[in-house]
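Please keep the sequence and the model in view while reading.

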There are 2 protein chains.
Amino acid sequence: MDAAEFRRRGKEMVDYVADYLENIEKRQVYPDVEPGYLRSLIPEEAPEEAESYEDVVKDIERVIMPGVTHWHSPYFYAYFPTAHSFPAMLADMLCGAIGCIGFSWAASPACTELETVMLDWLGKMLKLPEDFLAGTEGRGGGVIQGTASEATLIALLAARSKIVKLIQADHPDRSETDIISKLVAYSSDQAHSSVERAGLIGGVRMKKMPTDSKFSVRGAALQKVLEEDRAAGLIPFFFCATLGTTPSCAFDCITELGPICNAEKIWMHIDAAYAGSAFICPEFRPLLNGVEFADSFNFNPHKWLLVNFDCSAMWVKKRSDIIGAFKMEPLYLKHDHQESGNQSHWQIPLGRRFRSLKMWFVFRMYGLKGLQAYIRKHVGLAKEFETLVRADQRFEISADVVLGLVCFRFKGSNELNETLLKRINRARKIHLVPCQLAGKFVLRFAVCARTTESRHVQEAWSHISHLASELLQELVEKSEIPNSL
Amino acid sequence: MDAAEFRRRGKEMVDYVADYLENIEKRQVYPDVEPGYLRSLIPEEAPEEAESYEDVVKDIERVIMPGVTHWHSPYFYAYFPTAHSFPAMLADMLCGAIGCIGFSWAASPACTELETVMLDWLGKMLKLPEDFLAGTEGRGGGVIQGTASEATLIALLAARSKIVKLIQADHPDRSETDIISKLVAYSSDQAHSSVERAGLIGGVRMKKMPTDSKFSVRGAALQKVLEEDRAAGLIPFFFCATLGTTPSCAFDCITELGPICNAEKIWMHIDAAYAGSAFICPEFRPLLNGVEFADSFNFNPHKWLLVNFDCSAMWVKKRSDIIGAFKMEPLYLKHDHQESGNQSHWQIPLGRRFRSLKMWFVFRMYGLKGLQAYIRKHVGLAKEFETLVRADQRFEISADVVLGLVCFRFKGSNELNETLLKRINRARKIHLVPCQLAGKFVLRFAVCARTTESRHVQEAWSHISHLASELLQELVEKSEIPNSL
């Protein structure tokens, strides 16, 4: 395919993409396929000879679309949103065309520099403390990671490296492995599975802290476990706080936890993967109070800030902490402007795409006000759903609705709720996933798609309510209705 | 921006991309900017109000392009290539539109399944042993990682987890930290910096093995160090072999190393990041002989197989080894088809894009023969450059030219070669980077761009030769010419 054919095919693809997104409501949100469906639809081997583009394109509807879960359908309420916008897609086209691998400043100065400035822009939108910004003289700054999982891992590894050096400075005879064997990290029992995994990868203990009735880790709980662990000869070194947990969008109390971490020389990392986008709104910014105590902070613009995946924004107060843990400089990466920082020292992969273009396009084409309006609209839709649930005596709200997630359930057994969720998902009209809160099986309704409107939320609720009525009716007929209803 | 405007702007962007690539030769391959150039060109903060698309687009040439190193220019000979093709860009547009996050089968069945099948297709193109393929019953299989760095880290962590379990099975009283403190991993002294970094992250010793005159690790060298390390009470557990090293595209002797690793229960991972693509050609496939001894194998289609970054292909013989090291399954990720594997258990990030679409488009639109022709063309161009260098008595070839990389130097001091490289890069006509081989400063000429033709290679050489003559003339005038010339 040459440039001339690309002009033609590219424009056809633009239309295909626009058609797909304009008509996404008409597609079934969750596919009907069974595991292994795809293998039988295509050959067992790559073709020897080139095929025509027409043949490839017609297979999109035949092979791919029947197996797609449509994350951008307004009937998709599962997990958390993944961001999606036209400006981000345009920027991604440009990113693909430039196709540079930004592993050093020299490998593409614009790639390194736009990223630094975009992270400053975004940090200012969030009103992050000055320490986290790079500016021209700052010691902090931001980097785009692929995912929050990577950000947590990087923070944990930097903290591990820092504590080892700190202890060895006083006790030069203590080996690194001996120190690591005594380290202990902490997170909420509501934290994402990737936090536990970071501990596993880093080869350190990871303790899950109990949460209060709001699913929030409080200072007293941390204080208690720190005392116990220090008494047992362990070395607390890392606390991963979550703002906006995956199960229920709960917030650890960082105004209590932060001062403890600072006093105890424990690295505090904040994972606000989903909730972070909301902090650009003044009314939600108080949820971030306490960030001034953190060593590193991360959230995913690729979740809720209209920047397509992947774009996970991470800031640190001291770049040197992270760079010191990872820097490697072979000769083939040396260049005349060696002192100019590049973010590849801050991450697991060496290569990196020109992802900041997406941020630049989105921030400019929406403007701060447009982004705030988008967040507010989603929160409003969640509140609307909450009101509908609360108006139905058969249901209860299982956690405070703070942002775009509503956790709710039948007032009844876990089995009943599991059955309801199964029926919802098997009906294929909308798509939800569950969570567990305080031993209870709970349904999560997350406002996800850019195109979700009030009518979709109303429709979703009347569908859920209808399925619930059907289920209860069946139970009445079988005389199995729980006493509580 | 709505779908209607996206139709218009998307088509304009397609034309911009086509124009950029059709005229890339006219752009200076390496930019003139100084560090910090970009910050002063754009505002200090994101705009409050939305800006027009015209304003954003005109900044591409004003702000971005002056700072871009043009990796796809036929005057770019630095590092290794990064792949780039029109079919891959079209697939990326589709990937962005679908915008699913494939962290489980249910999150988008097509995303999980196409990846599994594409890795089988690619494995068959390479004639990988059957053990590495997933098929419908296989215990092995492939996964797309972001970069080779991640693949190496994942392999090392899986090997670490496996050896710990193996030792604890016999010695239930030995702690994990005690075992880890005794572990030792190995790689070539020519291996990529990311291998050393994987050891750092995994918290294990990483020893660099000496190489022979061809920059290859041989079996005898490994045997020797294993004996010493076992005698010292260490536990060898991981060997990262490189096929196609970054400095000189050298090949570790895996037919010697593999049997040793197997006999000693050492996980052998093969990193063929650059060279791997060439193994689809029967004449280069012998370079992969010995892969049958490996536990895991990785190369980057995003380097040399026309699939845009990121797409690093990794295969393992036993999926369970990797999954066992990382698997986490919170309730919000459980679904009806839980038993259906997904690749998020094989990698650091949980989220994943629909990257296999790029492979599918590229493999079909080029066909195996088209891909082979592409590899052969690049190797031919490197051989052409080698011939030019060899015909000039002032220069020497520093390492065997096996694929698309030529390592060469002035017959003279390192300083002289450093000066020559500086002048080449400062002239801005072509772009090269150096490496160090056996203490010598060497220039690397890597055939990179899809559009590189014989005339570009000829032009590059006559330019280098001209700069060399100038430099030598100056030295003669200053009477500083080295005796050897």
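How many salt bridges does the rule find across the interface of chain A and chain B?

## Basis of the model

This is a predicted model, in which local features need pLDDT of at least 70, side-chain atom pairs count only at pLDDT 80 or more, and totals for chains, interfaces and linings use all residues. Residues are numbered from 1 along each chain as its sequence is written, chains are lettered from A and ligands numbered from 1 in the order in which they are written, and side-chain values use heavy atoms, with hydrogens and water left out.

## The interface of chain A and chain B

The rule finds 18 salt bridges across the interface of chain A and chain B; a salt bridge is a side-chain nitrogen of Lys or Arg within 4 Å of a carboxyl oxygen of Asp or Glu. Lys369(B) and Glu49(A) form a salt bridge whose closest N and O atoms are 2.6 Å apart.

The size of an interface is often given as the accessible area lost when the parts come together. Chain A and chain B bury about 12,800 Å² between them, with 66% of it on carbon and sulfur atoms; buried area is the accessible area (1.4 Å probe) that two parts lose on being put together, summed over both. In chain A, 143 residues are in contact with 143 residues of chain B, where contact means heavy atoms within 4.5 Å.

## Met13(B)

Met13(B) belongs to helix α1 (residues 3–22) of chain B; helices (H or I, at least four residues) and strands (E, at least two) are DSSP runs, numbered from the N terminus. With a relative accessible area of 2%, Met13(B) is buried. Buried means under 20% relative accessible area, exposed over 50%, and partly exposed in between (1.4 Å probe, protein chains only).

Neighbours within four places in sequence aside, Met13(B) is in contact with Leu90(A), Met93(A), Leu94(A), Phe361(A), Tyr53(B) and Ile60(B).

## Two domains of chain A

Chain A is assigned domain 1 (1–30 + 69–84 + 368–480) and domain 2 (100–353), with bounds that come from an automatic or database domain assignment. Taken over C-alpha atoms, the centres of domain 1 and domain 2 of chain A are separated by 31 Å.

Between them, domain 1 and domain 2 of chain A bury about 2,400 Å², 72% of it on carbon and sulfur atoms. On the domain 1 side, Phe80(A), Ile375(A) and Leu403(A) lose the most area to domain 2 of chain A, together 26% of what that side buries. The count between these two domains of chain A is two salt bridges. Lys214(A) also forms a salt bridge with Asp400(A), with the closest N and O atoms 3.0 Å apart.

## Aromatic rings

Over all chains, a search of the whole structure finds 44 aromatic pairs. The ring centres of Phe395(A) and Trp461(A) are 5.1 Å apart and the planes are at 70°, so this pair is edge-to-face. Rings of Phe, Tyr and Trp (its six-membered ring) pair if their centres lie within 6.5 Å; planes under 30 degrees apart count as stacked, over 60 as edge-to-face and the rest as tilted. The pair links distant parts of the chain, since Phe395(A) is in strand β8 (residues 395–397) and Trp461(A) in helix α14 (residues 454–477) of chain A, 66 residues apart.

Both Phe395(A) and Trp461(A) are buried.
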